[in-house]
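I opened a notebook page for this structure and wrote down each thing I looked up.

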Amino acid sequence: MSLLHLAILAPFIFAIIVPTLYKYIRKIHTGWFVFIVPVILFGYFSRFLPDIITGKTVLKTFAWIPTLHINFTAKIDGLGLLFALLITGIGALVVLYSIYYLSKEKEQLNTFYVYLLLFMGAMLGVVLSDNLIVLYMFWEFTSFSSFFLIGYWFDRERSRYGAQKSMLITVLGGLCLLGGIILLYIMSGTFSIGEMITNVDVIVNHDLFLFSMILFLLGAFTKSAQFPFYIWLPDAMEAPTPVSAYLHSATMVKAGIYLVARMTPIFAFDPTGTWVWLVGGIGIFTLFWGSFNAVKQTDLKAILAFSTVSQLGLIMSLLGVGAAAVHFELDENIYTVAIIAAVFHLINHATFKGSLFMVAGIVDHETGTRDIRKLGGLMSMMPVTFTIAFIGAFSMAGIPPFNGFLSKEMFFTGMVHVLQLDIFNMETFGVIFPVFAWIASVFTFVYSMILVWKTFGGKIQLEKLEKKPHEAPIGMLISPVILASLVVIIGLFPNGLLGRFIESIAHAILPTYEFEVHISHWHGWFTPELYMTIGVIGIGLLLYFTLSKWTKVYDLFPKKLTLNQMYDAFIPTLESGSSFFIKSHMTGFIRSYLAYIFVFFIGALSFTIWSTGAFRVETTNLAEIGVYEVILALLIIIGCVTIIFAKSRLTSIIALGSVGYTVSLFFVLFRAPDLALTQLVIETISVALFLLAFYHLPKNFRHKESRRFKLNNALISVGVGVVVTIIAIASYSTKLFDSISEYYVKHTYDPAGGENMVNVILVDFRGFDTLFEISVLAIAGIGIYGLIKLRLARRSEK
Amino acid sequence: MTFEIIMIISICLLIMSILANIYRVVKGPTSPDRVQALDSIGINLIASIAVFSVLLHTHAFFDLILLIGILSFVGTVAFARFLESGVVIVRKR
């Protein structure tokens, strides 16, 4: 186990001691202790940066279950390091923010930080694992810790609902992912992503390739809140705001993005183009759908949630389009720009969305509401918060000079380039990419404006607010200020160190290419991107100022067809459907269960006989039929018919006894004296017991009429009889080997020292059976004694 | 040979008498009728098993004869007690 492994597991280890710290050191906010962990880890991971930029990767293996090829292989390349830095960096800022956000007195801080650390460690594990099974393990850890964090205020009904919903959807995706991993293992014989990339040819041409790809995408789409699985993300906003900022903007929802980027070197080689179309198409539609829906939200965090959905769709579509590059051989491969744009926007989104969530938290904290209909005019009261929100929202809208502008320009470039692809029908249907991208950008602009101006602009409505608003404490502002300054710094200096880092990340996504990053604000007069951006701002402003006139559009969409409604209807339908199913066959009557058992018995056995052709009749080894057997058989038949058709129970009991005695006569006839003896005694005793049971029946039931005839009962009983008879005949006709009884006949006297062969077998050759039949009898005896003597119910009545 | 024929005839007679007793068991208007018929079936069974043993040239079934005798006796006595006093085994308190 190397230092790198320890770094990944450090949050888990620290989570163990957090409750102790919380319990014994009450004066200091527990968050300060937790704060150390991500800071140290951030410093540790930063040290890898120079190596990674020069193109090296770090690979450390720790054998976990080597016989199953499951090893905890930690791998740091550009992509992994980017995520590790995001997780630890934003993690540190979020912990700092949460120290001021969560009250020391009112909240259960120990559980909060334990969950947060679990999540941090799990997320590090996801992005730094080279082994897919280990990745899956950490993946599920993120699902669980996210579930706990969303349900942090577990006494609220909405929190529990949101936690359950996100759990169901992400675990569904997680299980799909596991399926995809197993398929990949079947195809390639390894769990290591690195080894899979080296024999990608085998995987791509395998029959299971497409299934595996779709399962992986289901996992990625559910985690990264893509259409139609985005519905859990807006409901996850019930979590405390630091959690929303951390999990639902910067890290967890990007796990799906990470997975898609990580698997691109394998799945992008898909010859049918399914990967490009699925990732790109779903991404672009999610982008549009999320931005379209964000406009109608009135809650700050809901706007941010839909905005996150939409921005994740943007990154996803870029990854999809960028994957087309591997099918395209040109000296100057223009499609790789999409990959660079995806990576760049990933970084940008983490910075501005994290700061915006923190702003929403500050507004909530200082005014008591997050409803934009109640907010307004906070600009003069909260100038710092306003500035941060302004920077974040304008970056999100894609306005210069912030970093969002740069990545949006590159996004447009990538989308416009789609039109020049001449594979996978891209040149015809691909037109939806730039069109949707542009429309979605307009909506993004509109909701970004709403976010800033409805909250901070206009007039203040003091009567609607719970508290008198004022600027947030300095500690709460540190984290968003750092993130906002990053937005500006990246916006001003996108090249240099960051540019080379992005190159190494893009190289990790598409290892077959060398990238050169030149990000600039100005592309010249004659590029389509410029006019697209001008159009976005123009139309966006127009739409923003006429907002009240066209928001009725949202009412046109039928309420019943929304995905949330479908989800809410689906869960109860599933419950009532399964309970209906259970009720329909679990009747509680033994009669029904016996009917199932016997019907299955008949079906399974007759099908087996029919399908294997086992039935045959052999008459050569039959014995001659004597007159006594015929008479006794007739007696038994008469007895059985009497049992079934008798009017009173007493007759049935006596008939049963007569059948038993006739059986003992059969034993006499077939030369089995020991059996006959035992049978006689046992039959007598059991008839006496039956009579006892009959005698104690309640008077009303003692002479009940004969049982009613039921056709299906009759059919089942006849079926069972026929099947058993057929099996008996068939098995007697196919006697393959001689009996081993010759041995007993020869050796009863010589080694065993007895003359009665039956008894010698019972106590000598196979005495073990006898031993345990004796114990069965003992248990039965003790059981009867216990049943009669031990009457706890009656005793408690007394 | 004639000996065997005689034995078979006697078995047939015994079976017929068992059948007649069974008729009484099924039909018998009162319980004592049935109990007596069952007792008589037991004795007939003893006889037929004895004849059968002669036919099969074996003495392996002689135990059975004794056993049926005992069982039939115990059963009849138990039934008689039951009819007399309503219970078979009287509890001593």
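**Entry 1: the kind of model**

I noted before anything else that this is a predicted model.

**Entry 2: chain A against chain B**

I looked up the contacts and found 17 residues of chain A touching 21 residues of chain B. The area buried between chain A and chain B came out at about 1600 Å². Carbon and sulfur atoms give 90% of that area. I then asked which three residues supply more than any other three of the area that chain A buries against chain B. They are Tyr628(A), Val668(A) and Leu677(A), which together supply 31% of it.

I searched the interface of chain A and chain B for salt bridges, and the rule found 0.

Next I wanted the elements that give two or more residues to the side of chain A that touches chain B. I wrote down α28 (627-645), α29 (649-669) and α30 (673-695) of chain A. Of these, α30(A) gives the most, with 8 residues. I sorted the residues on this side of chain A and got 15 nonpolar, 1 polar and 1 charged.

**Entry 3: helix α6 of chain A**

I checked the length of α6 (residues 132-150) of chain A, which has 19 residues. At 1.5 Å a residue α6(A) should span 27 Å, and its end C-alpha atoms are 26 Å apart, which agrees. I found 14 of the 19 residues of α6(A) buried, so this helix is largely enclosed by the rest of the structure. At the N-terminal end of α6(A) I found a cap, Asn131(A). A side-chain oxygen of Asn131(A) lies 3.0 Å from the backbone nitrogen of Ile133(A).

**Entry 4: helix α17 of chain A**

Among the buried residues of α17(A) I listed Phe386(A), Ile391(A), Phe394(A) and Met396(A). What do the buried residues of α17(A) pack against? I found α15 (300-323), α16 (336-367), α18 (403-418), α20 (432-456) and α21 (474-492) of chain A. Just after α17(A), Gly398(A) takes a positive phi of about 85 degrees.

**Entry 5: salt bridges**

I searched the whole structure and found 8 salt bridges over all chains.

One of them joins Arg370(A) and Asp299(A), at 3.4 Å from N to O. Arg370(A) lies in the loop between α16 and α17 of chain A, and Asp299(A) in the loop between α14 (274-294) and α15 of chain A, so the pair ties together parts that are 71 residues apart in sequence. Arg370(A) is buried, with a relative accessible area of 19%. Asp299(A) is partly exposed, at 23%.

I also noted Arg373(A) with Asp371(A), at 2.9 Å from N to O. Arg373(A) counts as exposed at 53% relative accessibility, whereas Asp371(A) is buried at 16%. Last, I wrote down a network in which salt bridges that share partners join Arg158(A), Lys165(A) and Asp235(A).

Technical notes. Residues are numbered from 1 along each chain as its sequence is written. Chains are lettered from A and ligands numbered from 1 in the order in which they are written. This is a predicted model: local features need pLDDT of at least 70, side-chain atom pairs count only at pLDDT 80 or more; totals for chains, interfaces and linings use all residues. Side-chain values use heavy atoms; hydrogens and water are left out. Contact means heavy atoms within 4.5 Å. Buried area is the accessible area (1.4 Å probe) that two parts lose on being put together, summed over both. A salt bridge is a side-chain nitrogen of Lys or Arg within 4 Å of a carboxyl oxygen of Asp or Glu. Helices (H or I, at least four residues) and strands (E, at least two) are DSSP runs, numbered from the N terminus. Ala, Val, Leu, Ile, Met, Phe, Trp, Tyr, Cys and Pro count as nonpolar, Asp, Glu, Lys and Arg as charged, and the others, Gly among them, as polar. The expected span of a helix is 1.5 Å times one less than its number of residues. Buried means under 20% relative accessible area, exposed over 50%, partly exposed in between (1.4 Å probe, protein chains only). A polar contact is a pair of N or O atoms within 3.5 Å; within protein, one must be able to donate a hydrogen and the other to accept it, and residues adjacent in sequence count only if both atoms are side-chain atoms.
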